[in-house]
Amino acid sequence: MRTVCDINKCAGCMACVDICSQNAINIEDDLLAYNAVIDSKKCIDCGACRSICPNNTAVPNYASQKWYQGWSKDEKVRSEGSSGGVASAIATAFVQNGGYVCSCTFKDGTFKFEIVNDINDINKFKGSKYVKSNPRGIYKRILVLLKNNEKVLFIGLPCQVAAVKNFVSKYDKMLYTIELICHGTPSPKVLEIYLKQHGFELNALKEISFRYKKQFRLEPIIKSGMQDSYLMAFLEGIDFTENCYSCQYAKIERVADVALGDSWGSNLSKDEVKKGISLLLSQTQKGDYLIEQANLQLEDVDVENAIKHNGQLISPSISHKNRIKLIDYLKYGENFDRLVIRLLPKRFIIKCIKFMLTKLKIIRGGTE
């Protein structure tokens with residue numbers, strides 16, 4: 001099997017698919033790993049796919065120059081965001097200043113990328129998406145805009161940011177980037193299996209939500225009080241594709257102009273924490289511009305504490321000892337919920353205890 005990068009290390013960024021003039025590359029997904037497989041009969045050995053791949057061609061990394069925690073000053077934007085609504089605030093300001101924004105949205109059963117230049121369309125990007133997304137086709141569209149001297153803001157995972165930078169190469173003067181601090185991502189087939197076992201088809205859903213603030217729950221599938229096995233597995237890091245456990249972008253030096261995450265462990269008041277607080281890292285002058293133009297409330301942050309609560313600023317997630325078992329059992333049709341109870345008993349018990357304490361009003365509910 002000829003592959004674009006090392007076996008089982010494909011991040012699924014799809015840049016190689018977009019760059020191939022012969023339609024010779026297919027992304028194979030077996031739940032455990034992605035592989036960008038080359039069709040030797042179609043391939044003309046131009047090498048474009050391998051040179052564009054962020055696993056093969058590294059992009060510059062930057063030390064974070066400025067660290068903040070904060071949120072959108074627009075209470076509606078903040079309330080609708082997964083944490084502080086910062087990504088939406090930056091995107092809105094960017095469009096208002098004449099730019100285009102590209103990010104991930106859920107449409108027609110697929111987590112794919114779109115480009116907008118109307119502030120009324122920014123909302124389609126809101127919300128965390130704990131599954132692998134598909135940027136296929138978006139790179140060419142970004143390149144066309146950049147060649148026409150349009151400003152483009154790309155918001156995605158670090159590996160996707162690296163892929164965009166490789167793809168547009170010398171035309172990056174008008175490209176601005178935001179990377180989301182990433183723990184890892186499962187194959188969408190894992191999500192499809194889980195939904196199907198609960199009586200839902202992914203391509204039949206009009207919308208899906210993985211999280212609101214500190215509440216991790218798939219909606220509208222999982223109702224309040226139910227145990228959400230999909231997100232328990234995600235938070236335990238047991239179902240990511242293989243590449244995530246050796247991710248070269250999970251470190252203190254970042255590839256984007258701005259890195260965004262959650263300000264877990266914030267020292268600000270409980271009321272502010274409840275409303276949602278984002279962590280912001282600026283690496284470049286472009287990053288400073290993105291932050292300064294947006295309608296944001298910025299506060300100082302304890303850098304050491306921020307790193308402590310965002311482990312992927314130091315290293316990738318560690319592969320769970322039961323990961324292979326989970327994926328293999330899912331392939332053979334075993335029940336997702338029962339597998340989580342069996343393979344992640346500690347997390348399941350903790351979740352149940354928290355639920356009971358919440359019902360008894362001993363603690364506030366909705367957190368992991």
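I began with the side chain of Thr 3, which reaches the backbone oxygen of Cys 5 at 2.6 Å. That is a polar contact (N or O atoms within 3.5 Å; within protein, one must be able to donate a hydrogen and the other to accept it, and residues adjacent in sequence count only if both atoms are side-chain atoms). Thr 3 is buried at a relative accessible area of 11%, where buried means under 20%, exposed over 50% and partly exposed in between (1.4 Å probe, protein chains only).

A note on the source: this is a predicted model, with local features needing pLDDT of at least 70 and side-chain atom pairs pLDDT 80 or more, while totals for chains, interfaces and linings use all residues. Residues are numbered from 1 along each chain as its sequence is written, and side-chain values use heavy atoms, leaving out hydrogens and water.

Next I looked for disulfides (cysteine sulfur atoms within 2.5 Å) and found 0 in the whole structure. Cys 46 is exposed at 53% relative accessibility.

Then I turned to salt bridges (a side-chain nitrogen of Lys or Arg within 4 Å of a carboxyl oxygen of Asp or Glu); the search gave 14. One of them pairs Glu 179 with Arg 254 at 2.8 Å, N to O. Glu 179 sits in strand 7 and Arg 254 in the loop between helix 8 and strand 10, so the bridge ties together parts 75 residues apart in sequence. I noted helices (H or I, at least four residues) and strands (E, at least two) as DSSP runs numbered from the N terminus. Glu 179 is buried at 0%, and Arg 254 is buried at 1%.
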